[in-house]
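Subject: Two-chain model, handover

Hello,

Here is the structure for your files. My notes on it follow below.

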Amino acid sequence: MKKLSVKIVVFVLMAISLIAMIFGAKVLLLPWIVWFSVLSLAAWILVKNLRSVSIVLVLVGGFIYISEVLTMISGEGGASGFAAEGVNPEAGEAIFWGKGKCHTCHSIGSRGSAIRAPNLGDSQFGPIIGLRAMDRARQREAAGVPLKTATDYLIEAVTEPGAFVVEGFKNEMPYVYLPPIALRPDEIKAVISYMQSLGGEVDVDGIRLPDKILKTVQAPQRELKGDPQAGKILFETGLQCIRCHKIGDRGGEGGVGPDLTEIGAVRTVDYIEESILDPNAIIVSGFEWTSLRLQNGEQLSGTIIATDEEKLTLNLDQDLREEDWGWDDEEEGAGASQVRIVAIRNLVAQPISSMQDLRTQGYLWIETVLNDRTSVSGIIAEEDESSLTIRSGDQLVKIAKNQITGMKGRQIEVSSKMPMYDDVITLRQFEDLVTYLASLRGATSE
Amino acid sequence: MAGFGPSAATPEITVKPRADVAISCGVLLVLLAVPLMAQDGGVPKISEYRSFFGLDSRVVVWVVAELHLMFAAFVLGVPIFAVIVEAVGAKTGDLRFDNLAREFTKLLAAAFATTAAMGGLLAFTLFGLYPTFMNYLTGIFDRSMYVYALLFFGEAFTLYFYFYSWDRLMNRKGLHILIGVLLNLFGTSLLLVANSWATFMMTPSGVTETGALESAWEAFFNPLWNPLNIHRLLANVAFGGAIVGAFAAVKFLAATSKEENVHYDWMGYTGNFVAISALIPLPFAGYYLGREVYSASPVMGNIMMGGTFSWTFIVQAILIGMIFISANYYLWIAMQRIPGAVRYNRYIKYILVILVVCFAVWLTPHNLPLSSEEQIVMGGQYHPVLKYLGLMSGKNAVINLIIMLTFGSFIFYRRSNLADAVPFSEQGVGAKIILTVVAVACLSILGWYASVLFTMEPATLDLTPEKAAYFKLPAWLLTIESGAIFGALGLTLKNRGKLAQAFLFSITVVFSVFILGVYGYIIMTQANPFLRNIAVAQWLMMLNCLIYITTIDVFLFRTADEIGPIPWGRMPARSQYALILLCVSFVILMALMGFIRSGLRENWHVYGIFQDTSDGAFTPSMAFMGRVIGLIVILFLAMVSFVFWLADLAEKQKPMVAEKPVHAMNPKTETRSP
C-alpha cells in the first residue's frame with residue numbers, strides 16, 4: 001500500500017511539474033525542467049506499468065523545454081530597447097530588421113544570414129550599399145534610365161525593385177508598400193535613409209517617393225465623423241497649429257513641429273488622435289526636446305537633431321541661442337549660434353536605482369562599480385534581464401547585473417514641445433481636427 | 001441568424017456573444033445557413049471579434065482546430081491502408097490481414113464521432129469568435145461548404161457500412177473492398193474541399209485586391225491547394241500508421257496471452273511500416289509545398305525559412321531525426337528475434353553512426369543569434385565550418401542519405417529470415433517483363449527531368465544565358481542514373497541481382513548525396529535560383545533508386561527458402577517504447593507543422609487581403625508555441641486513448657473472431673513481413 005502511494009505521488013508530481021511548464025508557472029527553487037527530469041526518471045523506475053505514459057510526458061516536456069531554450073537563444077521577446085520613430089536611419093534600421101522583413105532576404109556585411117538577395121554590406125556585389133548606390137545610379141544612367149544620385153537609385157531599388165535585378169538573383173522582391181508588408185511612406189523613407197547611412201550621406205529631404213506610393217496607402221480603417229473644413233479653420237486660426245507645423249508651403253516657421261503635408265497618408269487615424277491628446281506618446285525623431293545639465297553646472301535645452309553613442313546634436317531653444325554659454329563642446333560652423341554638439345561624457349551623471357530597461361529610461365552612458373570593487377564605464381551596447389554589455393573604448397564588456405553594487409548614468413529625457421490640447425478643445429472640434437489631418441495626403445497649399 | 005452577429009453592412013450594431021444560440025444550432029445549420037449572410041463586395045473595413053469566456057480567441061481556435069485536424073488525419077489516413085491490408089488478405093487468403101484491417105476500422109469507427117464533434121466545435125468557435133471573417137469566407141466558399149456537408153454524409157454512411165457489414169460481406173470481399181474504396185473517395189474529397197479553404201487563406205486567388213470575389217473556381221484551386229493535398233494525404237497515412245503502431249504497442253505491453261502478443265506485435269510492425277513508408281516521400285512533398293509557398297509569396301516563404309518561423313524548423317529537424325532513428329531502432333530490435341538476421345547485424349553499427357552524423361547535420365542551424373561579445377570570440381556571426389552544414393544544400397543531401405539508410409534497414413529486416421536470393425532466371429517471363437517495365441518507367445521519369453534541365457532557359461530563373469552551363473551537371477547525372485537503372489536491369493537478368501542493387505544504391509548515394517550535395521553549394525553562390533531544381537534531381541534519383549531496388553528485391557526473394565519463422569510476439573518491451581516514441585514524435589510534429597502553416601499568415605486572416613485586427617493577432621514566441629502544442633498533444637493523446645478504450649469495452653463483451661492458424665491458409669505467407 002505504501003509502495004503504491006509512493007508511485008502515485010511520484011506520478012502526480014511529474015504531471016504537476018509538466019503542467020507547471022505548460023502554463024509557465026513561477027520557478028520553485030529549481031527550474032521546472034529539473035523537477036520534471038528527476039520525477040520522470042523516478043516514475044520510469046518506480047511506475048513500470050505506466051512507462052508508456054512516462055514516455056509521452058517526457059517527450060512533451062522535452063519539446064516544451066527546447067522551445068523555451070530556443071526562445072532564449074534566439075532573443076525572441078527580449079528587451080527591444082528604443083522604439084525608433086520618424087524618418088531617420090535609426091527608424092529605418094529597426095524596420096529593415098523587423099517589420100519590413102528586409103533581413104529575411106538581405107544581409108548587411110556579417111550581420112544577418114540571408115542569401116536570397118544581394119548582401120548590402122561590403123561584399124562580392126560591391127561596396128556597402130550607401131556607396132554602391134552611386135555606382136548603380138551611374139550604371140542605370142548609362143542604360144538610359146535617368147537616375148542622377150545614389151538616393152535616386154535607392155528609391156528605385158526599394159519602390160520599383162524589378163527595374164534592375166542584380167545578376168544571379170530572381171526578380172522576386174515584393175512591393176513593400178503593398179500588403180502583406182505594407183510599409184507606410186514614412187517607413188519606406190526611413191529604410192532608404194538607413195541605406196544612405198551605410199557608407200553614404202543621409203539626405204532625408206532628398207527622398208521623394210513616387211506619387212503612386214502615396215496613392216496606394218489605404219483609406220482610414222474607420223469612418224471619420226468630423227468636418228474637415230471646420231478642422232482646417234481650427235488648425236490654422238483657432239489653435240494656430242500652423243505656426244509650428246508646415247502644410248505644403250505654408251506655416252511651420254522655425255521647424256518647431258513636423259511637416260504634416262502627408263500626415264493622412266503616412267500615419268493611421270489612431271496615431272493622429274494620440275498625437276493630439278498626448279504629444280509625448282510618440283515623438284518624431286528630430287523633434288525630441290530635452291533639457292540637459294552639464295558637469296560645469298550649466299543648463300541648456302533644445303531639440304535633439306541627432307544622437308550617436310558619444311554625442312548629441314542639439315538645436316537650441318530660441319531664447320537661449322543668443323546667449324554665450326561658453327561651452328567646451330564643439331560648435332558647428334554655419335549654425336554655431338543655434339546648433340550645439342554636446343559630448344555625452346560632459347553630462348552630469350545621476351545615481352541609478354532601477355537596473356531594468358536602462359536604455360528605455362534614457363540612459364546612454366553608465367558607470368558601474370562591481371562587487372570586486374572594479375569599475376567599468378561606457379556606452380550600453382546590449383541589455384537583457386540579467387546582464388549588460390558595455391562598450392568601453394574598443395572593447396565590449398559583459399557584466400552580470402547581480403555583480404553590480406553601484407551604478408551612475410547619464411540620462412537624456414525627451415519630451416515634445418507641443419502643448420496638451422485635451423482640455424482645450426471640445427469633442428466635436430477634436431473630431432473635426434482629426435478628420436482634417438487624416439485628409440492630408442500630400443496636397444500642397446491651396 | 002442574429003446569433004452570428006451583424007453583417008458587414010451594419011458595423012455599428014454591437015452584438016454580445018451568444019454562445020447559447022450558437023450551441024443550440026447544429027453544425028449543418030451553420031454550414032448551410034451562414035452563406036445567406038455572405039457579401040461579395042470585398043473585405044469589410046471593420047471586423048467584429050468576440051472573446052471565449054475571457055480566453056484568447058486565437059489560442060482557443062488553435063487548440064480546437066489542431067485537435068480536429070489530428071482526429072481527422074487519423075480518420076482519413078487509416079482507411080487508406082485498412083483497405084489495402086484487407087485487399088492483401090483477400091488476395092492471399094490470409095485471415096490475419098483481414099482481422100488486422102478490421103481492427104484498424106474498429107479504431108476508425110470509434111474516432112469518427114469525436115472527429116465530427118471536434119469539427120462542430122471548430123465551426124462554432126470560428127463563427128462565434130470571428131463572425132466578420134467567417135461571413136467573408138462563407139461568401140467565397142458557400143458552394144463548396146454545401147458539398148462538404150454532403151460529402152460528410154457520404155463519409156459517415158460508408159464508414160459505418162464498411163465496419164458493420166464486415167461479417168455479413170465476409171463471402172463477398174470484392175463488394176466490401178469496394179465500399180472501403182468508396183469510403184476513401186469520400187474521405188479524400190472531404191480533405192480536398194477543406195484544404196481549399198485553408199490554402200485560400202494563405203494564397204488567395206480568384207478575388208480582387210480588395211477581396212471581392214471574381215471566380216469561386218480560382219479561389220478553390222488556389223496555388224497551394226494541390227501541394228497541401230499531397231502533403232496532407234501522405235502525412236495522414238503516416239500519422240495513422242504511427243497511431244495504430246502505438247495502439248498496438250500499448251496493447252502488446254498489456255497483453256495477457258501469447259495470441260494477443262502475436263497479434264499486436266504484428267500490428268505494431270505494420271503500423272511502423274505504414275508510417276515510415278508514407279514518411280519517406282513526405283520531406284519532398286513538404287519541399288514542394290515550401291517551394292510553392294515561395295513562388296506564391298516570397299515574403300511568406302522568407303518568413304517561413306529565414307524569418308520568424310525559421311527556428312521552428314530546427315525543432316522539426318529534431319523530431320524528424322527522432323522518428324527515423326526510432327523507426328530504425330525498432331527494425332534492428334525486431335531483427336534480433338529472427339535467426340537469419342545475424343548476417344546483417346554487423347552493418348547496424350555503421351548505419352547508426354552515419355544516421356547520427358546525418359541527424360547532427362540535419363539539425364545544425366545556419367547561424368546562431370549571438371551577442372557582439374560571442375561574435376568577437378567566434379570571429380564573426382557564422383562558425384567557420386558549421387555554417388556550411390546549416391545551408392539547404394547540406395540538409396537536402398543528408399535527408400536523402402537518412403532515407404536511403406532507413407530503406408537499407410528495412411531491406412535487411414525483410415531478408416532476415418530468408419536464405420540467399422533465388423536466381424532471377426527462375427522467376428519466369430512475367431518477372432522479366434515487370435522488371436523491364438519498371439526500368440522504362442524510371443528511365444522515363446529521370447530522362448524527362450534530364451531533358452527539362454538540358455533545355456531549361458536561364459531566363460526562366462532570372463539568370464543570364466551563360467548560367468545555363470550550371471544546369472548540365474545534374475542533367476548528365478540524371479542521364480547516367482537512368483543508365484545505371486538499365487545496368488541494374490542487365491545485371492539482374494544475368495542473375496547478379498544483389499550486385500545490381502548494390503551498384504544502383506552506391507551510384508545513387510554518390511550522385512544524389514555527395515556530388516549534388518557539394519554542387520549545391522556552388523549553385524548557391526553562382527546561380528541560387530537553380531538550387532530548387534537540384535533538390536528535385538536529388539529526390540528523383542533517390543526515389544527511382546528505391547523503387548527499382550525494391551522491385552528487384554521482391555523477385556530475388558519471392559521464392560527464397562526460409563531460415564526459420566518470424567517468432568511474432570517475442571519482442572522486448574523497449575521495441576514497443578520505440579513505437580510509442582515514434583507516435584508521440586509524429587503527433588508533436590503534426591501540431592508543430594500545423595502551427596507553422598497557419599502561423600505563416602501572421603496577422604492576416606486572408607494573406608495580404610483581410611487583416612486580422614484582433615488583440616490576439618500576434619505571432620507567438622517559440623516558448624508560448626511549445627506550451628500550447630504541449631497542451632494539444634496531451635489532450636489529443638488522452639482523448640484518443642479514451643476513445644480506443646471505449647472501443648475496446650465493446651470488443652471485450654463479444655468474443656473475438658477466431659483467427660485461423662495462418663499456416664492453415666497459406667503457409668508461404670506465414671513468416672513473411674507484409
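Glu68(A) counts as partly exposed because its relative accessibility is 22%; the classes are buried under 20% relative accessible area, exposed over 50% and partly exposed in between, with a 1.4 Å probe and protein chains only. Before the rest, the conventions. This is a predicted model, in which local features need pLDDT of at least 70 and side-chain atom pairs count only at pLDDT 80 or more, while totals for chains, interfaces and linings use all residues. Residues are numbered from 1 along each chain as its sequence is written, chains are lettered from A and ligands numbered from 1 in the order in which they are written, and side-chain values use heavy atoms, with hydrogens and water left out.

Interface

Glu68(A) forms a salt bridge with Arg627(B), 2.9 Å from N to O; the term means a side-chain nitrogen of Lys or Arg within 4 Å of a carboxyl oxygen of Asp or Glu. This pair crosses between chains, from helix H3 (residues 51-74) of chain A to helix H22 of chain B. Helices (H or I, at least four residues) and strands (E, at least two) are DSSP runs, numbered from the N terminus. Arg627(B) is partly exposed because its relative accessibility is 23%.

The rule finds 2 salt bridges across the interface of chain B and chain A. Lys101(A) and Glu602(B) also pair in this way, with their closest N and O atoms 3.0 Å apart. On the side of chain B that touches chain A, H22(B) supplies the largest share, 11 residues. The contact (heavy atoms within 4.5 Å) involves 48 residues from chain A and 62 residues from chain B. Between them the chains bury about 4,700 Å², 66% of it on carbon and sulfur atoms; buried area is the accessible area (1.4 Å probe) that two parts lose on being put together, summed over both.

Chain B

Chain B has 23 helices and 2 strands, and 59% of its 674 residues are buried. Of the contacts in chain B with a separation of 6 or more, 84% are between residues 24 or more positions apart.

Arg102(B) and Asp167(B) form a salt bridge with the closest N and O atoms 2.6 Å apart. Arg102(B) lies in helix H4 (residues 95-129) and Asp167(B) in the loop between helix H5 (131-164) and helix H6 (173-202), so the pair ties together parts 65 residues apart in sequence. Arg102(B) counts as buried at 16% relative accessibility, whereas Asp167(B) is exposed at 52%.

Lys498(B) and Asp420(B) form another salt bridge, at 3.0 Å from N to O. Lys498(B) is in helix H19 (residues 497-526) and Asp420(B) in the loop between helix H16 (392-415) and helix H17 (428-455), 78 residues apart. Lys498(B) is partly exposed at 38% relative accessibility; Asp420(B) is exposed at 53%.

Chain A

Ser17(A) lies in helix H1 of chain A and is buried, with 1% relative accessibility. Not counting residues up to four places away in sequence, Ser17(A) touches Trp32(A), Trp35(A), Phe36(A) and Leu39(A).

Leu13(A) is also in helix H1 (residues 2-22), but is partly exposed at 40% relative accessibility.

Regards
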